[in-house]
Amino acid sequence: MEFDQDNIRPVVEEEEEEEEEDRLSRLPDEVIRNILSCIDMKFGVQTCLLSTRWKLVWTSIPCLNFSSRKFGCLQKFSEFVTNVLSKRNNQIQVSSINLVFSHRQDYCEVIVRKIANYAFSHNIQQLNVADDDPNRLHEFPACLFSSHSLKHFTLRNCCIKSPPTTPWDFPALTTLHLSYIVLMSNKTTKDSVHDNIFTKCVNLKDLTLEHFRLMGMKVFDMVAPRLSNLILIEGRNVKVVNVIAPQLENLTIIDTSLEYLNAPAGVSSLCYKCYYGPPLQLSKDGFHSLNHVNICCLGCYPVFEDARKIINILQELHSVKYLTLNVQIIECISSFPDYLSHLPSPFGNLICLSMDSRMNVDAYKVRMCSAARNFLFDNSPNATFTMDLPEETPGLAVTPIDWWRYVRKYTFTVSTAAIVDDSHVFKKTKKDKKKKEEEKKLSRLDAIMVIQRAFRAYVIRRSQALCLLRDQAVAKGEVLKDLWAC
């Protein structure tokens, strides 16, 4: 039998094109479900219009993402949530639910109740509830805070009473992230809060409080028997925090207006960054097994009160092995050599001290006095000192924003007073030059004015550069127009 090759070839090409177009539908069901789990549930439901193959795929999505921003009003959003939950294939286990309220719409407690009842009745393990508007706070229903299967919980824009009227009951919870929340005292006595909201979270290991504020309480007790990682970010109105967590290993405090912290002595990693205001005060018990510590205080000035608080913090960190301090701390404590000369060195296990200069363009001008050097290294003569300095870049003014892009590390060993640069050792043979006349110390107001002027000059230079780039773009556009006209 003879075949017409011209007629056969187009048919074969059409079949190949159909196979290429239907390649997504040929994927396994599990892969398709994972893909749809990454998009909003409204778009996932709309895939039922693609073909009969996709008609019921959305009913088996393991991760449900609900967002009210895709709907004109909350009533339609509530009806959509009800339909999705009622028609879902319950033979496929749901692993997580994300619920987000748009800033253009109000909060609806009915929707939260529907989500919570469905999630906890189906033994969900991860739940995220948030609001796009950080200025709105809600008191979520009590049914949202009781689950025996939930392991990861993220809550945003919430007003929480401590102790809560209904205790939080999450025996399986391991990760808790609370952001943009207000912790309010629910007691007549506002001096202390003992009945902690985390008491029944017996398996909680990771706790993050971000953009939080305390109201009506002076002392806040955080009780978590198995907590290992604690992060506090941008906390306000925080006076005293008692962390009652015997298994705590990593503690991070960033830009939190905390005055006094009582933390377990077994902490191995501590990161404290204070951008405004004086540094905090640590408990007198200290830490006996610190490994890594990073202290950054940008709000400290070369005044005695700030230097005294920083020195007190350093004395409580006597067991640290790897210590990182920013330039302002070195400059602050070096301003009072007479006070340091009477203090013994607290560091007996120090292996390396690093000075972070990324936020200071004049780091090369900072000098560590001999009293500060003895205070830091006397009990650890073999410790090394590392400092990041900017490299000279021709034709480019380095600013605090891109300071980290141009760094060069210098390391020296204290015992031999040798400087190491690119694996070459240069021993000191010349005497140090005489110190220049001490610069006039600026008051805080003068320092603020200097910073404002420097930033204004930086903005002017950037504006001029942008104007130049704009003029060049306009000129290039005119040249292109002439070329097209030709």
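Start by selecting strand E9 (residues 238-244) and strand E11 (residues 258-262): the two run parallel and are joined by 4 bridges. Helices (H or I, at least four residues) and strands (E, at least two) are DSSP runs, numbered from the N terminus. Within this pair of strands, Val 238 has Leu 258 of E11 as its bridge partner.

Before going on, note that this is a predicted model, in which local features need pLDDT of at least 70 and side-chain atom pairs count only at pLDDT 80 or more, while totals for chains, interfaces and linings use all residues. Residues are numbered from 1 along each chain as its sequence is written, and side-chain values use heavy atoms, with hydrogens and water left out.

**The sheet around E9 and E11**

The 4 strands form an open sheet with parallel pairing, in the order E7-E9-E11-E13. Two strands count as paired if DSSP finds at least two bridges between them. Strands of a sheet pair through backbone hydrogen bonds, either parallel or antiparallel. Strand E7 (219-223) and strand E13 (281-282) are at the edges with a single partner strand each, so one side of each has no neighbour in the sheet.

Next, select Glu 234, which is in the loop between strand E8 (229-233) and E9. Glu 234 is not a glycine, yet its phi is positive, about 50°. Its relative accessible area is 30%, so Glu 234 is partly exposed. Here buried means under 20% relative accessible area, exposed means over 50%, and partly exposed is in between (1.4 Å probe, protein chains only).

Move to Asn 237, which also lies in the loop between E8 and E9. Asn 237 has a positive phi of about 60° and is not a glycine either. With a relative accessible area of 44%, Asn 237 is partly exposed.

**Helix H6**

The 13 residues of H6 should span 18 Å at 1.5 Å a residue, and the end C-alpha atoms are 19 Å apart, which agrees. The expected span is 1.5 Å times one less than the number of residues. Which residues of H6 are buried? They are Asp 306, Ala 307, Ile 310, Ile 311, Ile 313, Leu 314 and Glu 316.

Now select Cys 300, in the loop between strand E14 (292-297) and H6. Cys 300 has 5% relative accessibility, so this residue counts as buried. Leaving out residues up to four places away in sequence, Cys 300 touches Asp 306, Ile 310, Gln 328, Ile 329 and Cys 332. Contact means heavy atoms within 4.5 Å. Cys 300 and Cys 332 are 32 residues apart along the chain, and their C-alpha atoms are separated by 7.1 Å.

**Aromatic rings**

The whole structure contains 12 aromatic pairs. Rings of Phe, Tyr and Trp (its six-membered ring) pair if their centres lie within 6.5 Å; planes under 30 degrees apart count as stacked, over 60 as edge-to-face and the rest as tilted.

Select Phe 145 and Phe 153. Their rings form an edge-to-face pair, 6.5 Å centre to centre with 65° between the planes. Phe 145 and Phe 153 are both buried.

Go on to Phe 304 and Phe 336, whose ring centres are 5.7 Å apart and whose planes are at 75°, so this pair is edge-to-face. Phe 304 lies in helix H6 (residues 304-316) and Phe 336 in the loop between helix H7 (327-334) and helix H8 (337-340), so the pair ties together parts 32 residues apart in sequence. Phe 304 counts as partly exposed at 38% relative accessibility, whereas Phe 336 counts as buried at 18%.

Then select Phe 66, Phe 71, Phe 77, Phe 80 and Phe 101, which ring pairs link into a cluster.

**Strand E16**

Select Asp 356, found in strand E16 (residues 352-356). At 16% relative accessibility, Asp 356 counts as buried. Apart from neighbours within four places in sequence, Asp 356 is in contact with Thr 324, Leu 325, Asn 326 and Val 327.

**The whole chain**

Finally, show everything. The chain has 10 helices and 20 strands, and 40% of its 486 residues count as buried.
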